[in-house]
Amino acid sequence: MLYFDNSATSYPKPKSVMDAVSESFLYYGANPGRSGHSLAMKTAEKVFECRENAGKLFGISEPENIVFTKNCTEALNAVIMSIGEKGGHFIISDLEHNSVLRPLYELKNRGIISFSVAETFEGDFEKTVKSYENLMRSDTKMIVATGASNVFGTKLPVSMLGKTAHEHGALFLLDGAQTAGSEKIDMEGENIDFLCVPGHKGLLGPMGTGLLLTKRPELMEPQIFGGTGNFSLLPKQPKELPEMMESGTLNVPGICGLSAGIDKVLSEGEENIGKREAELACYIWDELDKMGGIKLFSSRPEYRTHAPVISFVIGDFSGEETARILSENNIAARGGFHCSALAHFKANTEKRGTCRISVGTMNSFDEAVKLIKIIASIIKNNNCLQNNS
Amino acid sequence: MIKDYYFLLSSITSAVKGEKILEKNGYRAHVFKDSSINPYGCGYIIKARGNRENMEEILKNGGVRINEIREA
């Protein structure tokens with residue numbers, strides 16, 4: 001199979017990640033932060049090592065302000081609910097994933113908050129920032145922005161938005177789902193108060209892992225209550241991060257794998273990874289652009305302005321049908337609406353959807369060449385272009 | 001005065017963090033759990049040998065919240 005669905009989750013995982021998960025069952029099999037025996041202590045140190053690794057990658061020096069979640073969505077919900085439950089106004093972009101839109105929509109429906117959607121302008125960072133600025137109000141609490149659209153790859157001006165938020169006394173939450181591991185993210189330098197990332201995409205860890213990193217721990221509120229291993233005799237949830245946000249047993253095998261994934265990203269360098277992915281994506285985009293019978297919805301995915309994501313359809317097929325045809329030809333890509341209503345309404349693709357090819361660090365140039373050959377042969381074969389669903 | 005001290009913390013993360021900071025600064029430190037010594041929730045304790053004031057300052061500068069320090 002040719003796997004080009006890395007925006008959903010990266011595959012295959014590096015061998016070091018698979019080994020780390022496997023070894024966790026042998027060497028880190030006890031519950032960290034609960035017991036005091038040597039295996040539990042060794043596991044706790046391993047878990048801490050992952051926090052330190054994440055801190056190194058994202059420029060945060062307090063490992064205790066790094067919370068393990070089960071994915072990026074859970075992390076985003078935790079921040080939005082913590083900040084949003086006290087009311088106020090939020091600004092998001094017109095490219096946000098449902099994991100940002102839906103919690104805000106829920107809070108709005110409960111009558112707690114209001115939010116505005118800022119128009120973004122592909123490649124024109126200043127115009128995009130201006131668009132956010134025009135929506136700022138005296139009660140604006142937080143700007144939320146994705147690092148890059150998961151549908152069209154469009155990158156947003158993260159540092160400029162962080163600066164804008166702080167200049168207006170607002171907080172800045174970055175959804176790093178599509179950029180963590182392939183772009184330098186510096187929480188300190190880019191005025192990022194909250195960073196939410198999946199562990200299983202660009203960080204190359206197992207599914208079921210995610211991270212919430214914050215420079216404003218005092219603003220967090222627990223979303224799940226229960227055992228944390230501390231203050232066990234008190235009914236009140238302890239306020240101390242990270243335990244406050246990590247009730248219940250941690251996903252230690254996942255965390256061990258995630259730590260190995262972050263190690264790989266640190267050793268290769270996120271910008272090197274991102275630029276290599278962009279080269280492959282640009283090659284694929286150029287070849288698709290030359291082919292007849294392809295409708296491209298995303299721009300050439302150059303590193304500065306785009307994540308390595310290509311949205312397209314074959315002929316008159318829908319995104320879902322295009323993905324099905326690719327699947328029948330042993331290519332893994334994602335069709336449909338990608339959990340991103342806002343992005344599809346913006347691009348007028350809300351009826352047809354798109355098929356998304358997303359390049360990852362494990363993809364090779366040979367795979368990209370094979371992908372293009374297969375798509376070219378699908379297009380040449382008129383029979384395949386008949387919708388037989 | 002050089003002695004063995006117990007640093008009583010309120011979470012495993014603080015305990016491991018503190019242990020690493022002390023070790024980086026040349027102290028011998030290790031974490032263990034004993035709720036009868038540490039009543040502050042988690043029961044985790046850093047045992048370290050050295051000058052109390054110096055170690056306390058190093059831990060505080062590193063952002064480790066200490067609930068209590070006792071002679072071991």
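Reader: I see two helices packed together in chain A, α2 and α7; at what angle do they pack, and how far apart are their axes?

Author: Two packed helices are described by the angle between their axes and the distance between the axes. Here helix α2 (residues 38–58) of chain A and helix α7 (residues 252–268) of chain A pack at about 35°, with axes 9 Å apart. Axes are lines fitted to C-alpha atoms, for helices over the stretch in contact, and angles run from 0 to 180 degrees between N-to-C directions. Helices (H or I, at least four residues) and strands (E, at least two) are DSSP runs, numbered from the N terminus. Please keep in mind that this is a predicted model, where local features need pLDDT of at least 70, side-chain atom pairs count only at pLDDT 80 or more, and totals for chains, interfaces and linings use all residues. Residues are numbered from 1 along each chain as its sequence is written, while chains are lettered from A and ligands numbered from 1 in the order in which they are written.

Reader: In what sense does α2(A) cross α7(A), left-handed or right-handed?

Author: The crossing is left-handed; that term applies if the near helix is turned anticlockwise from the far one by less than a right angle, and right-handed if clockwise. Among the residues making the contact are Val47(A), Cys50(A) and Ala54(A) from α2(A), and Ile255(A), Ser259(A) and Ile262(A) from α7(A). Two residues are in contact if their C-beta atoms, placed from the backbone, lie within 7 Å. By class, the contact of α2(A) with α7(A) has 11 nonpolar, 3 polar and 4 charged residues. Ala, Val, Leu, Ile, Met, Phe, Trp, Tyr, Cys and Pro count as nonpolar, Asp, Glu, Lys and Arg as charged, and the others, Gly among them, as polar.

Reader: Which strand is joined to β8(A) by 4 bridges?

Author: That is strand β2 (residues 66–69) of chain A, running antiparallel to β8(A), with Thr69(A) as the bridge partner of Gly210(A). Strand β7 (residues 194–198) of chain A also pairs with β8(A) in the antiparallel sense, over 5 bridges, and there Phe194(A) stands opposite Thr214(A). Two strands pair if DSSP finds at least two bridges between them.

Reader: What is the strand order in the open sheet that contains β9 of chain A?

Author: The order is β9-β10-β13-β12, with antiparallel pairing. Its edge strands, each pairing on one side only, are β9 (294–296) and β12 (334–336) of chain A. The twist averages 35° from one strand to the next. Between β12(A) and β13 (residues 354–358) of chain A there are 3 bridges, and Gly336(A) stands opposite Thr354(A).

Reader: Which helix packs on that sheet?

Author: Helix α9 (residues 319–328) of chain A does, touching β10 (309–314), β12 and β13, with its direction at about 155° to that of β12(A). The buried residues of α9(A) include Ala323(A), Ile325(A) and Leu326(A). After α9(A) comes Asn330(A), which has a positive phi near 70°.

Reader: How is chain A divided into domains?

Author: Domain 1 covers 15–268 and domain 2 covers 270–385; such bounds come from an automatic or database domain assignment. Their centres, taken over C-alpha atoms, are separated by 28 Å. The contact takes 25 residues from domain 1 and 27 residues from domain 2.

Reader: And how many residues of chain B are in contact with chain A?

Author: 13 residues of chain B touch 19 residues of chain A. The largest share of chain B's side, 5 residues, comes from α1(B). That side has 5 nonpolar, 6 polar and 2 charged residues.

How values were computed
A residue is buried if 20 or more other C-beta atoms lie within 10 Å of its own, exposed if 12 or fewer, and partly exposed in between; C-beta atoms are placed from the backbone.
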